[in-house]
Amino acid sequence: MSKSPLLLSVSFTEAEKLGDIRDGLNGRPVIDWAKGERPESLAGVKYALVWKFDYDLFDKMPDLEVIFSAGAGVDKVLANPGLPDNVPIVRFVDPTLTTRMGEWVCLQVLMHFRQQRRYDAQQRVNTWQGLTQPQASTMNVGIMGLGVLGQDAAKKLKTLGFIVSGWSRSRKSIEGIDCYDASETDEFLTRNHVIVGLLPYTPDTHGFFNRTLFEKIGKHPVLPSPIFINAGRGGSQVETDIIDCLNDGTLGGVSLDVFETEPLAKNSPLWGFENAILTPHVASDSDVVALGTYVENQIRRYEAGEPLQNVVDREAGY
Ligand code: NDP
Ligand code: OXD
């Protein structure tokens, strides 16, 4: 039986192209819409893999059965007015993505904890000067968003010796990690010196990381703190508050991979802070071949009558 083609409405960046998506698709034909391929008709095409898409794309796909998101976060996909109501959306969940995010989060926590930016500044002026070096067990790190990515990052930070806790809408139970639900936010914030945001962007998380929240985070006895780290979505943070809080010392440092507007404006004051580490939304890129393999595996499940995995809850928005 011939395979239904997969319509691709996603452009991978040069940095993401460590392989070709077709390498994961096991011979499934592809219509590369993003590259301008326009067959006469899309009738019979059951699957689409999207990141960005024209609002009228799906009007042209009368036989669409499953939409795959090329990323884990689906806020942009859900916000598109052309999204059909009755088609399941499967988001990308894969060890390659999870591992990369865990690397980024651990790197950022360690950068602040080991005061690397201050050593960088000293290196620029040829200065040999040791700084205070407390134990990891004095540093409390709280993960906000204990989903696939948050849970993995929490476990990795725990292995590094930090005291790790997590917070999510529904309470989790994870060995060695104190878990809080959304009714215990203040208690969670005050016990931590570092907050890591791994939340999806939804109406509930819009503007969530703001001055009121930053003022509640605990201060480490000796290290510059509190620290705010965000790789969830920029819409969940209030950048004017972050800038003000860095200026007045309410925040001791930040690491941001996501921004309210991307790319971050060249004239944003955020670029100028010594204690702000910025990366251009690369904490965890989707591995192109793994994405192809994942989509193919989900289609195999679907066609065998098994349930699709990681289906987006449209009501919750993630
Ligand atoms: P999941 O859906 O697995 O986890 C989301 C977590 O957030 C869940 O624990 C959920 O709670 C919690 N949550 C959602 N809304 C709220 C709320 N209003 N209050 C409290 N908790 C809430 O997502 P992933 O872990 O796979 O990914 C998280 C996000 O990371 C993505 O949505 C995306 O925005 C971002 N991302 C960023 C990347 C980057 O490179 N910067 C790469 C990949 C993803 P509950 O468990 O109760 O449902
Ligand atoms: C994602 C992302 O959501 O890369 O996967 O931001």
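Which backbone atom of Gly73 lies 2.7 Å from an oxygen atom of ligand 2, and where does this contact belong in the surroundings of the ligand? The contact is made by a backbone N or O atom of Gly73, and the other residues around ligand 2 are described below.

## About the model

This is a predicted model, in which local features need pLDDT of at least 70 and side-chain atom pairs count only at pLDDT 80 or more, while totals for chains, interfaces and linings use all residues. Residues are numbered from 1 along each chain as its sequence is written, chains are lettered from A and ligands numbered from 1 in the order in which they are written, and side-chain values use heavy atoms, with hydrogens and water left out.

## Ligand 2

The residues around ligand 2 are Trp51, Gly71, Ala72, Gly73, Arg233, His281 and Ser284. A residue is taken as near a molecule if one of its heavy atoms lies within 4 Å of it. By class, two residues of this shell are nonpolar, four are polar and one is charged. In this scheme Ala, Val, Leu, Ile, Met, Phe, Trp, Tyr, Cys and Pro count as nonpolar, Asp, Glu, Lys and Arg as charged, and the others, Gly among them, as polar.

An oxygen atom of ligand 2 has a polar side-chain atom of Arg233 at 2.7 Å. For the side chain of His281, an N or O atom is 2.6 Å from an oxygen atom of the ligand. On its own, ligand 2 has 210 Å² of accessible area, and the protein covers 84% of it. Such areas come from the Shrake-Rupley method with a 1.4 Å probe; for residues, only the protein chains shown count as cover.

## Ligand 1

Ligand 1 is surrounded by 28 residues, and the closest are Arg91, Ser170, Lys172, Asp257 and Tyr318. The shell divides into 13 nonpolar, nine polar and six charged residues. At least three of its residues come from each of domain 1 (6-94 + 286-303) and domain 2 (96-278); the domain bounds come from an automatic or database domain assignment. Helix 4 (148-159) and strand 7 (163-168) each give at least two residues to the shell. Helices (H or I, at least four residues) and strands (E, at least two) are DSSP runs, numbered from the N terminus.

A polar backbone atom of Leu149 is 2.9 Å from an oxygen atom of ligand 1. Asp257 places a polar side-chain atom 2.8 Å from a nitrogen atom of the ligand. Ligand 1 taken alone exposes 940 Å², of which the protein buries 91%.

## Cysteines

A disulfide is a covalent bond between the sulfur atoms of two cysteines. Here it is counted as a pair of cysteine sulfur atoms within 2.5 Å, and the structure holds zero of them. Cys179 cannot form one because its sulfur is 17 Å from the closest cysteine sulfur, in Cys106, which is too far for a bond.

Cys179 counts as buried at 13% relative accessibility, and Cys245 counts as buried at 0%. Buried means under 20% relative accessible area, exposed over 50%, and partly exposed in between (1.4 Å probe, protein chains only).

## Loop residues

Asn192 lies in the loop between helix 5 (185-191) and strand 9 (194-197). This residue is buried, at 0% relative accessibility. Its side chain reaches the backbone oxygen of Phe188 at 2.9 Å, and a polar atom of that side chain lies 3.4 Å from the backbone nitrogen of Val141.

Gln115 is not a glycine, yet has a positive phi of about 55°. It sits in the loop between helix 2 (95-113) and helix 3 (116-124) and is buried, with a relative accessible area of 4%. Asn126, also not a glycine, has a positive phi of about 50°. Asn126 is in the loop between helix 3 and strand 6 (140-144) and is exposed, at 72%.

## Cis peptide bonds

Ser225 and Pro226 are joined by a cis peptide bond with omega of about -5°. Pro226 is in the loop between helix 6 (211-214) and strand 10 (227-230). A cis peptide bond, with omega of about -5°, also joins Glu262 and Pro263. Pro263 lies in the loop between strand 11 (253-256) and strand 12 (276-278).

How values were computed
A polar contact is a pair of N or O atoms within 3.5 Å; within protein, one must be able to donate a hydrogen and the other to accept it, and residues adjacent in sequence count only if both atoms are side-chain atoms.
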